[in-house]
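Q: I am new to reading protein models. Could you walk me through this one, feature by feature?

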Amino acid sequence: MQRLDASKIPRHVAIIPDGNGRWAESRGLPRIAGYRNGAEVVRAVVRAAHELGVQWLTFYAFSTENWARPREEIDAVMGYLEEYLERDADELAANGIRVDAIGRIADLSPRIQTLLRDLSART
């Protein structure tokens, strides 16, 4: 395997996940399957960025326009977020990955707000 030149690793990478629903539809799957896949991709990206030494990783993950989506889609996305925060909190903390959430956190469910607040305090 070729060794990466550390000087070529960006310090900050920002990602706007887009197209998960279209990805699923193009494969004959329900849009929600795309959001599930997108959540797993985020997980893989966080791990890879950590391994590569990326110092800051930003996801613009849910815009104000997303609240206009069908309730089923919003519930799915929020469910995957909650699952991720519960499942991966220990791994994130153990790897020294600091988690902060910005934006309209008050618009999220009380449970997700608590998970985010707790994870942020731990990391």
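A: Gladly! Let us start with a word we will need: a residue is called buried under 20% relative accessible area, exposed over 50%, and partly exposed in between (1.4 Å probe, protein chains only). Helices (H or I, at least four residues) and strands (E, at least two) are DSSP runs, numbered from the N terminus. In helix 2, the buried residues are Ile 32, Gly 34, Tyr 35, Gly 38, Ala 39, Arg 43, Val 46 and Ala 49. This is a predicted model, in which local features need pLDDT of at least 70 and side-chain atom pairs count only at pLDDT 80 or more, while totals for chains, interfaces and linings use all residues. Residues are numbered from 1 along each chain as its sequence is written, and side-chain values use heavy atoms, with hydrogens and water left out.

Q: What is the pattern of the protein along the sequence?

A: The protein has 4 helices and 2 strands, and their order is β-α-α-β-α-α. Its C-alpha trace spans about 45 × 35 × 25 Å along the principal axes. Of its 123 residues, 26% count as buried.

Q: What covers the buried residues of helix 2?

A: Here we look for contact, meaning heavy atoms within 4.5 Å. The cover of helix 2 includes helix 1 (20–26), strand 2 (56–59) and helix 3. Just after helix 2, Gly 53 has a positive phi of about 90°.

Q: How do I judge the span of a helix?

A: The expected span is 1.5 Å times one less than its number of residues. Helix 2 (residues 31–52) has 22 residues and reaches 31 Å from its first C-alpha to its last, close to the expected 32 Å.

Q: Which residues of helix 4 are buried, and why are they on the same side?

A: An α-helix has 3.6 residues a turn, so residues three or four places apart point the same way. In helix 4, Ile 112, Gln 113, Leu 115, Leu 116 and Leu 119 are buried. They cover an arc of only 165° around the axis (taken from the directions from the helix axis to the C-beta atoms), which puts them on the same side of helix 4. On the other side, Pro 110, Arg 117 and Ala 121 are exposed.

Q: How do the axes of helix 3 and helix 4 cross?

A: Axes are lines fitted to C-alpha atoms, for helices over the stretch in contact, and angles run from 0 to 180 degrees between N-to-C directions. Angles under 35 degrees count as roughly parallel, over 145 as roughly antiparallel, 65 to 115 as roughly perpendicular and the rest as oblique. The axes of helix 3 and helix 4 come within 10 Å and cross at roughly 20°, so these helices are roughly parallel to each other. The contact involves residues including Met 78, Leu 81 and Leu 85 of helix 3 and Ile 112, Leu 115 and Leu 119 of helix 4.

Q: Is Glu 73 buried or exposed?

A: Glu 73, in helix 3, is buried because its relative accessible area is 9%. Leaving out residues up to four places away in sequence, Glu 73 touches Arg 31 and Tyr 35. Phe 59, in strand 2, counts as partly exposed at 25% relative accessibility.
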